[in-house]
Amino acid sequence: QVQLVESGGGLVQAGGSLRLSCAASGRSLSNYYVGWFRQAPGKEREKLASIRWNSGSTDYADSVKGRFAISRDNTKNTVYLQMNNLKPEDTAVYLCALRHLISETYVYWGQGTQVTVSS
């Protein structure tokens, strides 16, 4: 069974930085994309970034391009989301998820980690 565990969230002042981690177990990620999402109260879930495990290719939502960076550590089976210049509107629960290379759907999800940015 695939398990994803996010960590690294917390309370930070506007302009600060956080690095989130998504540790995966139970499956090789070689045929998957790993994505980072966020969900704020009253808002739809938003995809922020994704990385193709094998190649390391990445893509980003316009809302975070230039501020957030997704990366992976093959030795730790972990994906990171470095978040810089955080804004109060970045406050949300951040989740990671997996989708297979031949699928359009993210099917494995972590439980999320809370990020709160104070003004």
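This is a predicted model: local features need pLDDT of at least 70, side-chain atom pairs count only at pLDDT 80 or more; totals for chains, interfaces and linings use all residues.

Colleague: What radius of gyration does the protein have, and what would a compact globule with 119 residues have?
Modeller: Along the principal axes, the C-alpha atoms fill a box of roughly 40 × 25 × 25 Å. For a compact globule with 119 residues one would look for a radius of gyration near 14 Å, and the protein agrees with this, having 13 Å.

Colleague: What percentage of the residues count as buried, and what percentage of the accessible surface belongs to carbon and sulfur atoms?
Modeller: Burial here requires a relative accessible area under 20%, and 41% of the 119 residues count as buried. The accessible surface comes to about 6100 Å², and the part of it that belongs to carbon and sulfur atoms is 46%.

Colleague: Among contacts between residues at least 6 apart in sequence, what percentage join residues at least 24 apart?
Modeller: Contact is a matter of heavy atoms within 4.5 Å. Among the contacts between residues at least 6 apart in sequence, those that join residues at least 24 apart make up 54%.

Colleague: How many aromatic pairs are there, and is the pair of Phe37 and Trp109 stacked, edge-to-face or tilted?
Modeller: The structure holds four aromatic pairs. In the one formed by Phe37 and Trp109, the rings lie 4.7 Å centre to centre with 55° between the planes. Planes under 30 degrees apart would count as stacked and those over 60 as edge-to-face, so the rest, including this pair, are tilted.

Colleague: Which parts of the chain does that pair of Phe37 and Trp109 link?
Modeller: The pair links distant parts of the chain, 72 residues apart. Phe37 is buried at a relative accessible area of 7%, whereas Trp109 is partly exposed at 31%. The elements concerned are strand 4 (residues 32-39) for Phe37 and strand 10 (residues 108-109) for Trp109.

Colleague: Why is the pair of Tyr106 and Trp109 called tilted, and which residues form one aromatic cluster?
Modeller: The ring centres of Tyr106 and Trp109 are 6.4 Å apart and their planes stand at 55°, so this pair is tilted. Tyr106 is buried, since its relative accessible area is 12%. The residues that form one aromatic cluster are Phe37, Tyr106 and Trp109.

Colleague: Which arginines lie over aromatic rings, and at what distances from the ring centres?
Modeller: The charged end of Arg45 sits over the ring of Trp109, 4.2 Å from its centre. Over the face of Tyr33 lies another arginine, Arg99, and its distance from the ring centre is 4.1 Å.

Colleague: Is Arg38 buried or exposed, and which side chain does its own side chain join in a polar contact?
Modeller: Arg38 has its place in strand 4, and its relative accessible area of 9% makes it buried. Beyond its neighbours within four places in sequence, the residues in contact with Arg38 include Glu44, Glu46, Glu89 and Asp90. The polar contact of Arg38, at 3.0 Å between side chains, is with Tyr94.

Colleague: How far apart in space are Arg52 and Arg72, C-alpha to C-alpha?
Modeller: Arg52 is found in strand 5 (residues 46-52) and counts as partly exposed, at 30% relative accessibility. Leaving aside neighbours within four places in sequence, Arg52 is in contact with Tyr32, Tyr33, Ser57, Arg72 and Leu101. Arg52 and Arg72 are 20 residues apart in sequence, and their C-alpha separation is 9.4 Å.

Colleague: Which phi value do Asn77 and Asn85 have, and where are they found?
Modeller: Most residues other than glycine have a negative phi. Asn77 lies in the loop between strand 7 (68-73) and strand 8 (78-83), while Asn85 is found in the loop between strand 8 and strand 9 (92-100). Asn85 is partly exposed, with a relative accessible area of 43%. Neither is a glycine, yet Asn77 has a positive phi of about 50°, and for Asn85 the value is likewise positive, about 50°.

Note on methods:
Residues are numbered from 1 along each chain as its sequence is written. Side-chain values use heavy atoms; hydrogens and water are left out. Rings of Phe, Tyr and Trp (its six-membered ring) pair if their centres lie within 6.5 Å; planes under 30 degrees apart count as stacked, over 60 as edge-to-face and the rest as tilted. Helices (H or I, at least four residues) and strands (E, at least two) are DSSP runs, numbered from the N terminus. Buried means under 20% relative accessible area, exposed over 50%, partly exposed in between (1.4 Å probe, protein chains only). A charge sits over a ring if NZ of Lys or CZ of Arg is within 6 Å of the ring centre and within 35 degrees of the ring normal. The radius of gyration is taken over C-alpha atoms; the globule rule is 2.2 Å times the number of residues to the power 0.38. Accessible areas come from the Shrake-Rupley method with a 1.4 Å probe; for residues, only the protein chains shown count as cover. A polar contact is a pair of N or O atoms within 3.5 Å; within protein, one must be able to donate a hydrogen and the other to accept it, and residues adjacent in sequence count only if both atoms are side-chain atoms.
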